[in-house]
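Here is a quick look through one protein model, taken a piece at a time. Have the structure open as you read.

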Amino acid sequence: MEEFPCEVIRYDDAPLTGTIQTKSTGLNQQVLDKLKVERERGITGSMIHMVHGKQHLLNLIDTPGHVDFAWEVSRSLAACQGALLLVDASQGVQAQSISVFHIAKERGLKIIPVLTKIDLPASQPERMAAQLQSTFGIDPSEILHISAKTGQGVEAVLRAIVDRIPPPSGNINSPLKAFMFDSLYDRYRGVISLVSIQDGIIQKGDRIASCHTRKKYEITEVGLMHPEEVPTSSLQPGQVGYIACNMKESSEAHIGDTLHRVGPSKAMVYAGVFPVDSNDFIKLEESIKRLTLTDRSVTIQRESSTALGQGCRLGFLGTLHMDVFRQRLEDEYDANIIITAPTVPYKVVYKDKAVMVSNPTEFPDTSDTSSKVKQVQEPVVNASIIVPEEYMGEMMNLCFAHRAENLDHRYLDSGSTSEASARAILTCTLPLSEIVTDFFDQLKSRSSGYASFDYEDGGYKASDLAKMVFLLNGKPVDALALIVHRSAQDEVGRKWVKKLHKVIPRQLFEVPIQAAVGKKIIARETLSAMRADVTAGLYGGHYERKMKHLENQKESKRKMKRIGSVDLPQDAFFDILSTKSK
């Protein structure tokens with residue numbers, strides 16, 4: 001790759017170029033991420049292109065736009081000099097586009113605005129160009145118009161990448177500096193690291209050292225992603241590629257190594273992951289460690305439950321992130337798992353210290369004065385919702401139902417015509433615990449799918465929270481503990497008690513199912529006992545004979561209730577721990 005010095009290299013975060021060979025007609029083959037789950041969810045290397053009579057090497061990185069993957073976007077942008085801002089000409093600016101735009105702007109990247117899908121009958125490029133100008137301050141004359149379906153304007157985008165985005169800086173004679181921005185695991189070659197060469201040159205056979213772990217490795221293979229792995233003799237400054245160096249442990253591959261340390265991602269949602277068969281725990285733990293190679297934002301901590309046995313408590317960036325990770329465990333490692341209800345990290349302020357609590361079983365009883373709890377704070381987010389004007393009322397009702405504060409709105413489209421409904425951006429402060437369950441589903445349902453949602457961390461705020469435990473025959477089930485706001489504790493308690501009543505199998509004795517906050521029982525359902533007809537064999541005689549048998553049965557059931565225990569079957573946990581409302 002010596003024929004591609006820095007001045008003919010461009011990094012871009014993202015076109016019909018001939019890099020990918022055309023398949024037979026009708027096969028509809030995709031070239032997306034390596035992960036099956038990301039193909040299904042629509043979450044999507046290097047190419048050589050001739051511009052101005054000179055061959056240029058373009059390093060293209062496509063990142064997901066969902067808010068849960070903001071950290072992945074951030075680390076991808078760290079390896080780029082520019083970004084394509086893709087806006088659908090028929091739908092306009094989405095909420096996540098605003099946050100990603102500001103991340104790119106803060107990093108000093110050159111942004112190229114592009115309106116896509118201009119071939120659609122519903123496209124409105126002039127209106128969307130005005131929207132880009134009012135939202136981002138972009139000059140309409142700089143906006144490119146393309147259709148990936150027909151190929152219109154693709155050449156102009158590639159030319160703009162070369163003309164507008166500055167080339168990476170780097171000196172081939174300087175000591176080696178390689179920025180690791182991603183990694184994956186190969187069962188034969190170990191850890192494969194994706195790196196951006198800042199200075200120097202890296203070749204097969206070189207020995208390298210990690211700035212973080214101080215460990216040394218020997219390079220066994222280097223190459224480019226074109227878009228599949230293509231081995232090369234070396235990687236030069238400004239080039240992006242992969243390296244294999246016999247790194248066997250996933251814990252040795254740190255995102256941000258070796259140039260500088262990138263701040264660790266901040267987990268926003270926590271959940272316990274347990275194997276259905278407790279004997280599979282070691283296999284499950286190893287599978288989780290392998291998956292974290294390609295997803296460094298997941299935090300891992302062992303935990304045990306009296307009801308579910310040994311498991312791991314994982315921290316995720318959001319509920320979609322959690323669902324993607326769960327599906328990858330099932331698809332790639334055939335894991336049969338149970339995931340507890342998602343929770344967020346709370347800050348418990350005592351008189352002399354502050355403690356972060358993410359596991360409901362560790363949450364203190366705030367009503368007990370001996371616990372010395374001064375205040376409980378919950379994480380809040382600054383949310384943005386972009387929605388057509390006719391759905392504003394529904395969105396406001398949804399936000400208020402989830403304890404929203406500081407609600408405000410403004411219109412994005414000035415002087416809109418009657419043919420196209422004006423869109424508004426609604427901003428508010430929401431507790432994170434309110435949006436990790438079914439908030440997004442309700443948002444799409446109430447807006448007929450037209451609303452887009454984005455949020456950013458808003459710190460912590462004092463709140464009136466309590467720990468809710470569920471008792472079966474007077475014994476708490478730790479895996480079902482919840483942290484709820486006191487304004488909703490009665491409703492949540494009744495709903496969960498009814499769900500338990502439906503899924504718990506009947507016993508030989510009466511089972512009280514209770515929801516308790518502190519020492520107060522706020523909801524109860526009673527599971528009636530299974531009864532044998534002890535009087536079936538009695539024919540004739542005095543009625544006291546039957547009464548005697550019935551009294552003996554009652555006494556036996558009272559004794560069983562005192563010493564008996566209720567076990568929740570695994571299929572009951574699958575049903576109860578689903579986050580969606582029944």
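## A buried loop residue

Asn473 is buried, its relative accessible area being 13% (buried is under 20%, exposed over 50% and partly exposed in between, with a 1.4 Å probe and protein chains only). You'll find Asn473 in the loop that runs between strand 26 (465-472) and strand 27 (475-476). Its backbone is worth a look too: phi of Asn473 is near 55°, a positive value in a residue that isn't glycine.

## Ground rules

This is a predicted model, where local features need pLDDT of at least 70 and side-chain atom pairs count only at pLDDT 80 or more, while totals for chains, interfaces and linings use all residues. Numbering starts from 1 along each chain as its sequence is written, and side-chain values use heavy atoms, with hydrogens and water left out.

## The whole protein

The protein has 13 helices and 30 strands, which here are DSSP runs numbered from the N terminus (H or I for helices, at least four residues; E for strands, at least two). Of its 582 residues, 48% are buried.

The protein exposes about 28,900 Å², and carbon and sulfur atoms supply 49% of that. Those areas come from the Shrake-Rupley method with a 1.4 Å probe; for residues, only the protein chains shown count as cover.

## Helix 8 against helix 10

How do helix 8 and helix 10 pack, and at what angle? Helix 8 (residues 392-401) meets helix 10 (residues 439-446) at about 160°, with the axes 10 Å apart; axes are lines fitted to C-alpha atoms, for helices over the stretch in contact, and angles run from 0 to 180 degrees between N-to-C directions. The two are therefore roughly antiparallel to each other (over 145 degrees; under 35 is roughly parallel, 65 to 115 roughly perpendicular and the rest oblique).

On the helix 8 side, the contact (heavy atoms within 4.5 Å) is made by Glu394, Met395, Asn397 and Leu398, and on the helix 10 side by Phe439, Gln442, Leu443 and Arg446. Sorted by class, that gives four nonpolar, two polar and two charged residues (nonpolar: Ala, Val, Leu, Ile, Met, Phe, Trp, Tyr, Cys and Pro; charged: Asp, Glu, Lys and Arg; polar: the others, Gly among them).

Arg403 sits in the loop between helix 8 and strand 23 (405-411). Arg403 has a positive phi of about 60°, although it is not a glycine.

Asp334 lies in the loop between helix 7 (319-333) and strand 19 (337-339). Asp334 is exposed, with a relative accessible area of 64%. Asp334 and Ser287 are 47 residues apart in sequence, and 9.6 Å separates them in space, C-alpha to C-alpha.
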